[in-house]
Amino acid sequence: MGVEGDFAPRLPERCFMEEKRAVTMDKIVNLCKARGIIFPGSDIYGGMGNTWDYGPVGVEIKNNIKRAWWKKFVQESENSYGVDAAILMNSRVWEASGHTASFSDPKMDCKECKTRQRADNLIENYSKGTVDVDAMTQEEMQAYIDEHKIKCPICGKFNWTPIRNFNLMFETSRGVTEDSQNKIYLRPETAQGEFVNFQNVQRSTRAKVPFGIAQIGKAFRNEITPGNFIFRTIEFEQMEHQWFCKEGTDIEYYEKFKKAAFDFLTSLNFKPEHLRFKDHEKLAHYAKCACDIQYLFPIGWSELNGIHNRTNYDLSRHQEYSGKSMLYVDPITGEKYIPYVVEYSIGADRLMLAVLSEAYDEETLENGETRVVMHFHPALAAYKVAVLPLQKKELGGKATEIYRELCRHFMCTYDDAGSIGKRYRRQDEIGTPYCVTVDFDTLSDDTVTVRDRDTMEQIRLPISELVSYIEEKIKLY
Ligand code: ATP
């Protein structure tokens, strides 16, 4: 599987290029592979469709994204608590949540070329987004496709199987036999780990409603049409925060989380004009209101995260299926009730793609050359500093000394190969915010040159001031 080949021939996501971005997906994919950010999964075996491995630079960026999210929604969020629940859960969990019965996409198989497509995507793309497919029933989708004779985007023929629902959960079995009683699932979302631990967390922390439970972890979905690099994969990480509150306060918290989710993104240097809210027109039967924040990805406007007012559906269902009470007793009034839940959910990998897209820039320099530079927020950059000795032999020792000291404080990298210009370019391409250059003056006066990635301006600093100078600059906010 080639890097390009993995996302090129797919039916586009349900998003349209109302506005164009200069950055394209193939530029990001190629940069990611060349610079150790993200590689195709199982690369030496020809790949494994839509799996991706984070490289040395990518794993740092993704960890920084997760850290920034945790800081905002757990560390700095009063009355929010983290959990790390098991991926494999009792199958009853998925019956209670409704996933066993209805976590599915409407699929159609092309009888000619044997490819599988999502009926809703076919309609969205055919109608160029003018039809509100979210509001359509399965019968209405079928009628629309038949009436307009929507052709297969791969072979161009019109010869479909009828629409069928395709469950997205990956099944596996527990134990040595494979009978259906042992059937278990890889979790398709992390949220249920928070719901089933509602009483455990409340009792162990003595939290009072309203309070939140957050989790970052892997989820798995057998997506019919994965693709577009890490936008939609079959294995991905979610960052989810469930806020448990009393009915009547839910709308206020729903609005609060909409704002918090938006502010989180702008705090990571996202331009507000690249973000927008999109209300869900067709709500799940239990939801009171729901919206997405969309980002202007290189493929067009598309969902980055969701905010859902889920009422008391989840806890009520778990009470019913587990037989365990999910009632909360107000310690002051003695009132008993099942809390409402406001959910904020964002994919770590999808946010990674958005961060890469937002940071990517090509600049023409004074000498006419082009530099590719990733303008990451410094807190997200893989390496905060690159130490570059101007000359290997006589300056290498001093540069290594400085590098080792800086490594005690933040992730750093060291590069002594090639011209200084080429070395700056390499750091620009992975978004290293500061380059520290060690030259012959360093040996006599213990100062270094510090180059800023964005402005390319250079200042001279005593080595003793480096740590505090950089620490101040790379703060999240
Ligand atoms: P979509 O409409 O894109 O399929 P969804 O509405 O099913 O997403 P949720 O179930 O609300 O998504 O999941 C929350 C978040 O998890 C999404 O906003 C997205 O950031 C991320 N996510 C969902 N599915 C995938 C996937 N297959 N690959 C990568 N990230 C995903």
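Reader: How many helices and strands does the secondary structure of the chain come to?
Author: This is a predicted model. Its chain has 15 helices and 23 strands.

Reader: What share of the residues in the chain is buried?
Author: Buried means under 20% relative accessible area. Of the 477 residues, 53% are buried. The accessible surface of the chain is about 21,900 Å², and carbon and sulfur atoms hold 49% of it.

Reader: What share of the contacts comes from residues 24 or more positions apart?
Author: Take the contacts with a separation of 6 or more. Residues 24 or more positions apart account for 67% of them.

Reader: Why is helix α11 called largely enclosed by the rest of the structure?
Author: Count its buried residues. In α11, 12 of the 12 residues are buried, so the helix is largely enclosed. Among them are R350, L353 and E358. Helix α11 covers residues 348–359. From first C-alpha to last, α11 reaches 16 Å, close to the 16 Å expected at 1.5 Å a residue.

Reader: Why is T413 called buried?
Author: The cut-off is under 20%. T413 has a relative accessible area of 16%, so T413 is buried. T413 sits in strand β20, residues 412–414. Beyond its neighbours within four places in sequence, T413 contacts Y383, V385, A386, V387, Y403 and Q427.

Reader: Is D446 buried, exposed or partly exposed, and why?
Author: Partly exposed lies between the buried limit of 20% and the exposed limit of 50%. D446 has 39% relative accessibility, so D446 counts as partly exposed. D446 is in the loop between α14 (440–445) and β22 (447–452).

Reader: What is the phi of D446 near?
Author: Phi of D446 is near 55°, a positive value in a residue other than glycine. K149 is not a glycine either, and has a positive phi of about 45°. K149 lies in the loop between α6 (138–148) and β6 (164–167).

Reader: Is the peptide bond from V209 to P210 cis or trans?
Author: The bond is cis, with omega near 10°. P210 is placed in the loop between α8 (198–205) and β9 (211–220).

Terms used
Residues are numbered from 1 along each chain as its sequence is written. This is a predicted model: local features need pLDDT of at least 70, side-chain atom pairs count only at pLDDT 80 or more; totals for chains, interfaces and linings use all residues. Side-chain values use heavy atoms; hydrogens and water are left out. Helices (H or I, at least four residues) and strands (E, at least two) are DSSP runs, numbered from the N terminus. Buried means under 20% relative accessible area, exposed over 50%, partly exposed in between (1.4 Å probe, protein chains only). Contact means heavy atoms within 4.5 Å. Accessible areas come from the Shrake-Rupley method with a 1.4 Å probe; for residues, only the protein chains shown count as cover. The expected span of a helix is 1.5 Å times one less than its number of residues.
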